[in-house]
Amino acid sequence: MPVSIAIYMPELSFRTRWRDALRGQMPGRQIDLFEDVSDPAKVHYAVFWFAQPGSLQQFPNLKGLISSGAGIEHILEYPDLPAGLPVMRTIGTDLRQRMMEYVLLHVLRLHRRMPELIASQARGKWEQVSTPLARDCTVAVLGLGNLGAEAARHLSRTGFRTLGWARSPKQIEGVECFDGPDSLDEVLAQADIVVNMLPLTPATEDMVNAAFLGKMKRGAAFINTARGRHVVEEDLLAALDAGQLSHATLDVFRQEPLPEDSPFWAHPGVTITPHISSIADPETGAVIVAENVRRFEETGEWSHLVDVAAGY
């Protein structure tokens with residue numbers, strides 16, 4: 001039986017779950033972890049997340065590279081990326097649902113001033129706060145791809161005035177959509193809460209810097225569910241300390257896990273979550289990968305194909 005799919009994720013327990021789930025979805029295939037492959041020449045597909053440098057070079061007959069999640073920069077920035085191979089991301093309804101839940105949760109948390117209430121509880125103080133209705137709070141979602149569009153749509157349905165910004169024109173029911181670099185300042189100036197859901201590209205790396213933060217409304221809040229490298233962390237901390245930002249909810253960081261000595265841990269204006277906004281479930285992800293591979297072998301077409309030149 002030829003080996004056709006090899007799997008790698010940094011955590012052994014996670015990659016074995018992926019292996020077992022894919023074996024269940026594709027019983028006619030030999031599916032192994034990278035380290036267990038006996039004949040690398042028979043591997044046709046690599047499903048992985050942050051593979052070790054050089055590890056793809058052992059597979060000379062790959063037909064496609066598949067990210068086990070929505071993020072693909074770990075593939076595009078791979079130091080030994082085989083040339084000319086199609087790159088796919090794994091996106092399904094579970095990822096959209098999880099991301100939507102995370103964004104809605106933390107927008108509501110900031111809107112209802114939960115960080116202040118938690119601080120009052122820690123001081124043993126009964127300090128009531130009032131908040132406007134959702135319709136009087138403006139939330140901007142930056143990045144209107146598969147996940148961002150779903151989050152923006154649900155924010156609007158919850159009652160928030162919702163703005164969306166993307167590089168190219170988009171239309172989403174209930175969302176005021178803007179596009180192109182010339183409109184970003186207008187979006188930032190209006191938003192009480194800014195949610196970053198942009199892809200990481202050379203154009204967006206370090207985008208959230210002092211100039212960006214200075215264009216936001218004073219006292220606005222920031223949520224980052226995209227990538228840590230979007231943010232110049234020193235500038236974000238300075239904006240919090242100066243009161244330009246009231247709070248930052250951060251799910252992603254330049255270095256993960258976040259180092260124990262990071263100033264974010266103890267900062268009173270920061271909420272930290274450990275990159276859990278939308279983790280691909282192996283059992284659900286295996287269904288998507290299996291369907292994608294079967295489609296390619298039957299039709300020669302991939303789903304969720306990445307534009308390698310554009311970076312997303």
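Q: Buried means under 20% relative accessible area, exposed over 50% and partly exposed in between (1.4 Å probe, protein chains only). Is C137 buried or exposed?

A: C137 is buried, at a relative accessible area of 5%. This is a predicted model, so local features need pLDDT of at least 70 and side-chain atom pairs count only at pLDDT 80 or more, while totals for chains, interfaces and linings use all residues. Residues are numbered from 1 along each chain as its sequence is written, and side-chain values use heavy atoms, leaving out hydrogens and water.

Q: Thanks! And what about C177, how accessible is that one?

A: C177 is partly exposed, with 26% relative accessibility.

Q: OK, switching to helices. How do α3 and α5 cross?

A: The axes of α3 (residues 93-111) and α5 (residues 146-158) come within 9 Å and cross at roughly 45 degrees. Axes here are lines fitted to C-alpha atoms, for helices over the stretch in contact, with angles from 0 to 180 degrees between N-to-C directions. Helices (H or I, at least four residues) and strands (E, at least two) are DSSP runs, numbered from the N terminus.

Q: Which residues meet there?

A: From α3 you have L95, R96, M99, M100, V103, L104, V107 and L108. On the α5 side they meet N146, L147, E150, A151, H154, L155 and T158, with contact meaning heavy atoms within 4.5 Å.

Q: What is phi at F50?

A: Near 50 degrees, which is positive in a residue other than glycine. F50 belongs to the loop between β3 (45-48) and β4 (64-67), and is partly exposed at a relative accessible area of 42%.

Q: And where does R113 sit?

A: In the loop between α3 and α4 (114-123). Phi of R113 is near 60 degrees, also a positive value in a residue other than glycine. R113 counts as partly exposed, at 27% relative accessibility.

Q: Why flag those angles and that bond?

A: Because most residues other than glycine have a negative phi, and most peptide bonds are trans.
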